[in-house]
Amino acid sequence: MSDTPFGFGLPPEEPDDGDEGKKKDPQSGGGQGPANPFGFGGLPGAGGFGGPGADNPLAAMFGSLNPNDLGAAFQQLGQMLSYEGGPVNWDMAKQIARQTVSQGTADGTKDASVGPADRTAVEEAVRLADLWLDDATSLPSGAGSAVAWSRAEWVEATLPAWKELVDPVAERVGAAMGDVLPEEMQAMAGPLIGMMRSMGGAMFGTQIGQAVGVLAGEVVGSTDIGLPLGPVGKAALLPVNMEALGKDLGVSKEEVRLYLALREAAHQRLFAHVPWLRSHLFGAVDGYARGIKVDTAKLEDVVGQFDPQNPEQLQDALQQGMFQPEDTPEQKAALARLETALALVEGWVDAVVHAAAKPRLSSADALRETLRRRRASGGPAEQTFATLIGLELRPRRLRDASRLWASLTDARGVDGRDALWAHPDMLPTASDLDDPDGFVHREQLDFSELDKMLGEAADKPDLKKKGNGSTDAKDTDKGDDTE
């Protein structure tokens with residue numbers, strides 16, 4: 001059983017991901033150990049609470065104390081327990097994320113404020129990328145502005161989206177802490193349950209803050225994990241991380257910047273002009289969260305033996321796989337829906353960006369493969385989803401989706417390909433990714449007439465039945481809207 005707090009593990013290595021046999025470097029985020037519930041290896045900034053063991057804030061608080069220090073320790077604990085918000089202490093998450101960023105990444109790269117030259121370069125790169133994308137997709141520009149962020153600015157700008165993603169999962173976990181006691185005992189145990197929920201919020205906040213802080217050291221834009229994490233209509237790139245990504249490729253900084261600007265601008269177009277897509281993705285996460293099952297026997301044992309003077313006990317319980325996905329059709333459907341949708345998003349972006357970059361950038365093929373290998377070797381998207389909600393976004397699915405979109409372009413043209421985003425039922429399914437040729441050559445469904453009929457029906461007034469129950473057609477013909 002997993003050591004992660006929600007009971008999830010990391011995706012397995014895949015031989016067909018173009019990176020066979022490569023072992024993840026623990027310092028780069030590929031490793032996972034019991035002391036690091038989000039699976040990001042040695043976390044820079046994990047000492048935010050000071051001293052060894054700080055990736056467990058309670059261990060940092062209590063691990064090396066002598067009896068004379070108990071007063072100060074419980075004063076710190078009181079501050080932690082004073083939190084009365086939702087299932088995650090987001091103030092703590094933000095603090096830990098900022099501390100993690102300030103420590104720099106494992107390769108020694110430190111965060112820095114973005115200067116005027118880099119801001120101008122990013123703005124120009126996104127503007128040029130949008131011009132190139134006009135030939136590769138029928139979707140218009142979705143970026144009203146372009147910004148260059150430091151890592152700390154990325155944390156600040158993306159926390160609202162993380163809150164929307166994580167709260168449903170944490171809410172289910174938090175509710176379980178109060179549900180394990182018989183109803184007649186819950187009133188008596190109210191203070192204890194409240195304490196546990198506050199501690200749970202603090203611990204989840206710490207874990208999420210560490211994860212977001214590490215991600216800030218790796219991502220190159222606001223859409224790296226396949227979801228729109230930043231403000232609507234704002235294309236964002238991180239110059240310090242782009243430079244780190246391109247330094248060993250032998251590719252000019254300008255080409256790296258342009259290629260990543262193409263990817264960011266393509267994501268922005270998709271999410272701006274497919275209005276149902278964002279809610280579809282976030283809704284799948286919420287649907288998954290509703291199916292989380294709690295090992296009530298283990299939780300009851302923890303509640304019965306909980307000692308306020310030993311708060312590490314709750315953290316240990318969370319790390320022993322108390323929470324796990326329930327193997328139900330609804331749960332499987334939510335995960336399949338999310339995995340397929342993310343693969344289709346990333347596959348479309350990959351195909352569109354390649355079409356726009358290939359004729360213009362000499363390094364387009366090399367950059368494309370670099371980003372594919374980065375994803376295949378356990379990049380930020382895979383680690384985040386695998387440890388946070390149990391989703392394994394397999395590299396094979398991304399390649400299949402990219403090939404399917406490219407085949408659709410050849411068969412139906414740019415307009416015909418992009419028209420599939422008009423309705424969720426028109427998109428390829430998981431089985432279609434297994435048989436892309438079958439989908440490409442299948443007769444295309446057209447929902448326009450159905451949508452038109454449904455719209456007309458919704459606009460018509462209710463008609464009263466007269467006499468023997470027959471409807472007066474004349475009233476309908478006249479458009480009489482009186483009742």
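Helices here are DSSP runs of H or I with at least four residues, strands are E runs of at least two, and both are numbered from the N terminus. What you're looking at is a predicted model, where local features need pLDDT of at least 70, side-chain atom pairs count only at pLDDT 80 or more, and totals for chains, interfaces and linings use all residues. Residues are numbered from 1 along each chain as its sequence is written, and side-chain values use heavy atoms, with hydrogens and water left out.

**The whole protein**
- There are 20 helices and six strands in the protein.
- Of its 483 residues, 50% are buried (under 20% relative accessible area, 1.4 Å probe, protein chains only).

**How α9 and α13 pack**
- Helix α9 (residues 253-273) packs with helix α13 (residues 329-357) at an angle of about 130°, and their axes are 9 Å apart.
- Those axes are lines fitted to C-alpha atoms over the stretch in contact, with angles from 0 to 180 degrees between N-to-C directions.
- On the α9 side, the contact (heavy atoms within 4.5 Å) includes Tyr-259, Leu-262 and Phe-271.
- On the α13 side, Trp-348, Val-349 and Asp-350 are among the residues making the contact.

**A look at His-354**
- His-354 sits in helix α13.
- With a relative accessible area of 16%, His-354 is buried.
- Leaving aside residues up to four places away in sequence, His-354 touches Asp-365 and Arg-368.
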